[in-house]
Amino acid sequence: MLFQTEEAVQLPYPPVLETMLSESEIQYLISLINQPEDPTSPSSGSQGSNRTVYSSEERKLRRMQSNRESARRSRCRKKTHLENLTNRLNRLKIENQQLKNQLAFTMNQHLLLSLENDQLISESVDLLATLSDLCTILSNTSITMP
């Protein structure tokens with residue numbers, strides 16, 4: 001045993017039904033816990049043995065309980081993993097929506113700037129034509145002036 005107590009174990013609540021043990025099996029296991037340790041028993045170590053001798057029924061019960069606990073821990077790990085994946089999925093969905101919104105905004109800005117750029121190019125062409133006309137007029141005027 002990992003620890004020793006002088007008093008019997010008293011549960012402040014009824015046994016959990018999740019263990020799938022009958023009430024008599026639970027009482028039997030509790031009685032094993034509450035048994036005072038005999039200094040000459042094989043589990044005391046006084047006779048050179050550190051192993052407790054269990055009947056086949058006790059071993060079966062302990063193995064069943066161990067398997068149940070292992071399955072419970074496995075279900076708990078699986079549940080936690082699923083919750084983590086769900087949280088990650090939700091975060092990625094939010095991030096994806098934010099990126100889509102940012103892309104739409106950027107594409108809209110690009111369209112507006114392209115239209116403005118086309119307008120400025122058109123104005124530039126018009127201004128160059130006007131400048132060319134003015135230069136032509138000035139060059140014609142300077143030739144005719146003495």
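Tutor: Happy to! Helices (H or I, at least four residues) and strands (E, at least two) are DSSP runs, numbered from the N terminus. This is a predicted model, where local features need pLDDT of at least 70, side-chain atom pairs count only at pLDDT 80 or more, and totals for chains, interfaces and linings use all residues. Residues are numbered from 1 along each chain as its sequence is written, and side-chain values use heavy atoms, with hydrogens and water left out.

Let's start with Glu-58, which sits in helix H2. Glu-58 is buried but has no salt bridge, and Arg-59, the nearest side chain of opposite charge, is 6.9 Å away. Here buried means under 20% relative accessible area, exposed over 50%, and partly exposed in between (1.4 Å probe, protein chains only). For charge, Lys and Arg count as positive and Asp and Glu as negative, while His and the chain ends are not counted. A salt bridge needs a side-chain nitrogen of Lys or Arg within 4 Å of a carboxyl oxygen of Asp or Glu. Leaving aside residues up to four places away in sequence, Glu-58 touches Tyr-28, Leu-32 and Val-53, contact being heavy atoms within 4.5 Å.

The structure does hold 1 salt bridge: Glu-69 pairs with Arg-72, with the closest N and O atoms 3.0 Å apart. These two are 3 residues apart in helix H2 (residues 56–144), so about one helical turn separates Glu-69 and Arg-72. Glu-69 is partly exposed at 28% relative accessibility, and Arg-72 is partly exposed at 34%.
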